[in-house]
Amino acid sequence: GLSLVNESVLVFYRISPDSLFGEAAAPRQGFNLLWWLAVSSTILAISRAFSDPPNAPLHPEALLQSVARHTHYRPARWRGKGHTRAVYDEFVCLYQYRVWLLLQEILGCLTAPLVLCLALPARAEELLEFVRAFTVHVDGVGHVCGFALFDFERHGDTRYGAPVAGAPAHRSRDGKMEKSYLNFKLHHPSWRRDAGEVLIDRIAGPGSVAAVQQLAAAAASSSPDQLAAA
């Protein structure tokens, strides 16, 4: 209110440190109101970042589903238990704060040489065996990972909708290849693979392939707000 009369009040009016911290306070000159305004605004902004909106409804299952749309990871043990502490503890271990991730990156610079020198040599045989077993040569492309070809005959898992069950040792963990195919099909609806079409029909029912193509076409021509409204 004082600044409406004279804006110089914010700059030249100072609060004496003696009145706040006693006679032994330093520096003696104190800080002007503009400094206190900046500090208070910073503290307020930081505190708001760590607080939830008042009376905000919480729907753990809906929130987990929205995260799974981007990560394609939602174990069966999480379903119907999004409100439990066990699911929360497992979730925060997977999706951590950026500050903690930054500290892990810095720590990794120190621990990576130790892992390369001490731990990996003992696992070298297993790593080479994986590369040998899951590397496929494609004409015109070169050597690629077998999972990238969506080879359901070799890597399929019928528990996740694959039309053919591959050898247990060659399957992807938790149906990762089947989930990757669905995401790839959503972004590239014109790409076809007979086994993949069967996978979509088994998951969503007959005629769902056309529905996926229509959804992808609508996503390509709509804004995020329109998709959210739909």
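Predicted model: local features only at pLDDT ≥ 70, side-chain atom pairs only at ≥ 80, totals over all residues.
**A pocket, a core and a histidine**

Okay, let's start with the second largest pocket: 13 residues line it, and Tyr88, Phe91, Val92, Tyr95 and Tyr97 are the ones nearest its centre. By pocket I mean an open set of points on a 1 Å grid over the protein atoms alone, where a 1.4 Å probe fits, with protein on both sides within 12 Å along at least five of seven lines; a lining residue has an atom within 4 Å of a point. Helix 5 (60–71) and helix 6 (85–94) are the elements that each give two or more residues to that lining.

Numbering runs from 1 along each chain as its sequence is written, and side-chain values use heavy atoms, with hydrogens and water left out.

On to His155, which sits in helix 8 (residues 152–155). Is it buried or exposed? His155 counts as buried because its relative accessibility is 1%, and the cut-off for buried is under 20% (1.4 Å probe, protein chains only). A polar atom of its side chain lies 2.7 Å from the backbone oxygen of His170. Beyond four places in sequence, the contacts of His155 (heavy atoms within 4.5 Å) include Phe134, Phe147, Arg171 and Met177.

Key. Helix = DSSP H or I, 4+ residues; strand = E, 2+ residues; numbered from the N terminus. Buried < 20%, exposed > 50% of the residue type's maximum accessible area, 1.4 Å probe, protein only. Polar contact = N/O pair within 3.5 Å; in protein donor to acceptor, adjacent residues only side chain to side chain.
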